[in-house]
Amino acid sequence: MNRFAQLLDRLAYEPGRNNKIKLLVAYFRETEDPDRGYALAALTGALSFKHAKPGLIRDLITERADPVLFGLSYDYVGDLSETVALMWPKAELPAHNNPPPPTLTDVVTTLRTLGKAELPAQLARWLDELDETGRWALLKLVTGAMRIGISARLAKTAAAALGDKDAHEIELMWPGLTPPFLDLFAWLEGRGNKPVNRDPAPFRPVMLAHAIEDADFANLDAADFSAEWKWDGIRVQAVAGRDEHGRIQARLYSRTGEDITGSFPDLVPSLRLPGAIDGELLVLRDGRVQTFNVLQQRLNRKIVSPKLIKEFPIHLRAYDLLGDGENDLRELPLIERRANLESFIAKLNDPRIDLSPVIPFASWDELAAARADPKSAGAGDDADAVEGVMLKRRDAPYLPGRPKGPWWKWKRDPHIIDAVLMYAQRGHGKRSSYYSDYTFGVWTRGDAGDELVPVGKAYFGFTDEELLQIDRFVRRNTTEKFGPVRHVVHEPDQGLVLEVAFEGLQRSPRHKSGVAMRFPRISRLRWDKPPREADRLETLERMLMTMTAS
Amino acid sequence: MRPQDILMPVPAGLACKPGGFHIDPVRPVERALITHGHSDHARPGHGAVLATQETLDMMRLRYGEDFAGSTQAVAYGEEIRLGDVTVTFRPAGHVLGSAQIAVTCNDTRIVASGDYKDARDPTCAPFELIPCDVFISEATFGLPVFRHGDAAGEVKKLLASVKLFPERAHLVGAYSLGKAQRVMALLREAGYDAPIYLHGAMEKITYYYQERGIPLGELKPARGMKKADLAGTITLAPPSATSDVWTRRFPDPVTAFASGWMRVRARARQGGIELPLVISDHADWDGLTATIAATGAGEIWVTHGQEDALVHWCKTKGLSARPLDLVGYGDEDEGEAAATGDAESAGEAQPAGEAKA
């Protein structure tokens, strides 16, 4: 347990993805079975036991420690598990009688079968046996609050790296694996066969597109490509298959292979034909696709109420078919898969699942016109939910990952405003010596004339060279410092204007300006522009009106 | 005589009327007794200064030759008569030359311990317990959540990280007087024999430690090194420098910080630290409470830090305790930039206004 705790401790502070992977791989290499398997399970959310409530932890500490000292400590530290882990007074045990600290395996296997009444005493015993970091990790684990910035995907990527394998392979077999994953590690270390996924509805690694640049078109022939609308929803894979009893099992996966079926129970009955659909998850009302802002109400929900289902009816818009019954279609060219998809959707004949239409075009100019005006080019009333077009080579098979050439995304031009840099904050990790997080604002009428009101925050979009320039500007033009935040000069004639690109706008009572941007990034530095010429809040409000009205 | 007639807090610091001196005064006074060389305890401009040789040397290094009207070096254990009292300096285990000052008047002995730790430190004399009637204790880490653990284990953590990331540089923020040299000595004890690199602000004081016979192995200035050559190396720097533009000369640096504050995650995270190392030159909670009990003192005066919790603890043990109102003493980790301003301007190019970031 102490070793797993050290890993968690280090991961919690490490901002870099590659460095996290390196730490994980080192742990998997140095740790024996079954501990490392339970660690992988803990990191991927694959462990199941009843979590302890914070009240129980609080009771444990007040039995052992002076409540005044606990109160002062908790005030200072601010986190219950951490406070208890740090101040836990070990029971006085005779030195020769010290049991070794529990392993992660001890903890996980014991928790699985432990009765509720036995939990407090068992926890106290473990807390006596572990060190500060070990106690912290134990309490995070048993309270189910292990937020350390690691996604399941990252943990699997690290496991794959241990055996020099591709994370896609692990994703494929994952639903068939169970903790402590002995067969997986045996395969990764070349000691065993590749585990097979007996899951009737497995995830297949998705194919992704590159963003197309103007210069790319010169080398591409419009006749080689088919085009579809790029929907502003979330990419999903809807899979159905028959289990050993012949019953249909249906699952919905995110693009990273996360099982999100539980959040969308209303779609499950529609997935009744064995097959694997690649498509976009959308909210449809009266046959019309709603914006991403609306769809967002359905995302990341643990509990899905009937009211939510009724108000935000979920829909799947299909654009590819990866499997039909027992047949794997991924080797087929797109045009053949498309024909299969059309007949599959027709056979399914379900109002919740439809086809993403193909955009007819004969030349790049025609497609550019369609992209500029999706409404008259076939998207009709759904045009608001179109964020561009997708180009797919007609002869391309379905390839996992992001191969360059077969698929391109051609987004609509983003919305752009000129805003004024107001505050800057230092970044993390590699960027910790740079002011790389920027809060920007636009003009509005205040009590004492025009003033700037913050409308958003951006921390990417600029080049490394531009980052150096902004960093220099921030350091030379700081008016006040508050911890890591610097106030940067922002007067009508003094300050830096940032061109900010963003994908959407919505009303937000949490922001002083009343609006919030989706996906804002710095698209250009406008050294040439005096701040007084930056945009006004009224401009944003007008944009918001056109976005919601159309 | 009541204890408060022997020592009492006044705006200038802890005053001893019958002895005619102040201990660690924060304002210029006629006669000052200094416990150790950290800048919040050792200030320039006093008439006469009595301190250990090391503390006097450190003050000279920082403030120049004429930092006081006159100076007198005192050896550990030497008894000195001042007015109606006798004073003795004994090791505090905090940094090189640090001392507790025992003030005895008639039958009453008060010990002003300054900053102290009871943990092992290869760079200074170990803490010596002085039985007394009144013990004045610091409370920098005066909460039961502060347990510093084994410093050698933390250094092992640092070395494991250096091994795992050979293409990155490791920057260890550490207070330049005491902590930095302790980390270097611990690295050597752990078998690390590569050169250790120094930020400009570290050089003078570190070379002084070496002159005093504390082996720190091969040391090199980080200044002038090629970026690529710093991969896989360890550099000691004042904490303020680890988030400064200065770090850009290092390849993808891992930022470590050696401090007792690193025990609390939020503190480490606020500072953007990737590798917190719990290494402190102050006593932790267990050290404070064990020391207080061992002195046999019936009365405890608690100063700078988390006084409330320690006063509460003393009372639950039947000891008379009260917070002592002394201002002007801080935690050295946080006061670093101000303390090393002189050295930094001499050693490292810093853009204006960056020193205190």
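**Paired strands, a helix and a contact**

Author: A:H210 stands opposite A:W408 in β12(A). This is a predicted model, with local features needing pLDDT of at least 70, side-chain atom pairs counting only at pLDDT 80 or more, and totals for chains, interfaces and linings using all residues. Residues are numbered from 1 along each chain as its sequence is written, while chains are lettered from A and ligands numbered from 1 in the order in which they are written.

Reader: Why are β1 and β12 of chain A said to pair?

Author: Pairing requires at least two bridges found by DSSP. Strand β1 (residues 210–211) and strand β12 (residues 407–411) of chain A have 2, in the parallel sense. Therefore they pair. Both strands are DSSP runs (E, at least two residues; helices are H or I, at least four), numbered from the N terminus.

Reader: In which sense do β11 and β12(A) pair, and over how many bridges?

Author: Antiparallel, over 5 bridges, with β11 spanning residues 386–393 of chain A. Here A:K392 stands opposite A:W407.

Reader: What makes the buried residues of α5(A) line one face?

Author: Helix α5 (residues 67–77) of chain A has A:L69, A:L72, A:S73 and A:V77 buried (20 or more other C-beta atoms, placed from the backbone, within 10 Å of the residue's own; exposed means 12 or fewer, partly exposed in between). Seen down the axis, they fall within an arc of 125° (taken from the directions from helix axis to C-beta atoms), so they line one face.

Reader: Which exposed residues does the face turned away carry?

Author: A:P67 and A:D75. Just after α5(A), A:G78 takes a positive phi of about 85°.
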